[in-house]
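Below are some notes for a colleague who is reading through this model. They take up one pair of residues, then a second pair, and then the chain as a whole.

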Amino acid sequence: MLEKIMAVCKSKWVLGLLVVGVSASAAVAASAAVSGWNGATNMNTVNQVLGQLDGMLTNRENQVKQLKADLKDADATIATLTQQRDAANAKLATAQQDLLAAQQAVTALTSQFNQAKTENDSLRGQLDEKIKEIQQKIADGNRQVELKQQEVDRLSAQVGSLNGQFAEPIDERHESI
């Protein structure tokens, strides 16, 4: 593409040189008509003008070469920057995927934590109820033991009293025998 542009530019440049050359020739011809034709002087002037134009053309060609080199360097820089951008975009995409996966993991772990906390609270409530139940059963058992102990004490007293009543007649019977 650049080569086509340069070809068009050169053809326009040559056209410009021809126009300048024609203008210079016309100027030389006009000058010759006014002042009379002096072939050697006019040829020197034409050669000087052509030399200047050739120098300008060489200068422009050198500028074009430099611009081509600059363009080549710019294209290389653009290619490098494009590769770096693409690599950065790939890293960004990977980082975004990793972030999304991490966010999903956090969401899942938060859900599991909340479920475990709810389950823990429920089990703690059940444990508290069981502890109260057991404490109530212990208290009821202690009351029953106390009541049984009182009954045992009362029955022991009765047994002692009955033993005392039966002991006298047995002793009296043994003595009479």
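**Notes on the model**

1. In this predicted model, Asp140 and Arg143 both belong to helix α2, which covers residues 39–176, and they are placed three residues apart, or about one turn of that helix. The two residues are joined by a salt bridge, in which the closest N and O atoms lie 2.9 Å apart.

2. How exposed are the two partners of this pair? Asp140 has a relative accessible area of 29% and is partly exposed, while Arg143, with a relative accessible area of 46%, is likewise partly exposed. Both fall in this class because it takes in values between the 20% limit for buried and the 50% limit for exposed.

3. The structure holds two salt bridges, and another pair to inspect is Asp86 with Arg85, whose side chains meet in a salt bridge with an N to O distance of 3.0 Å. Asp86 is partly exposed at a relative accessible area of 40%, and Arg85 is partly exposed at 47%.

4. As for secondary structure, the protein contains two helices and zero strands, and helix α2 is the one that carries the pair Asp140 and Arg143.

5. How much of the protein counts as buried? Of its 177 residues, 4% do, a share that rests on a cut-off of under 20% relative accessible area.

Notes: Residues numbered from 1 in each chain as written. Predicted model: local features only at pLDDT ≥ 70, side-chain atom pairs only at ≥ 80, totals over all residues. Heavy atoms only, no water. Helix = DSSP H or I, 4+ residues; strand = E, 2+ residues; numbered from the N terminus. Buried < 20%, exposed > 50% of the residue type's maximum accessible area, 1.4 Å probe, protein only. Salt bridge = Lys/Arg side-chain N within 4 Å of Asp/Glu carboxyl O.
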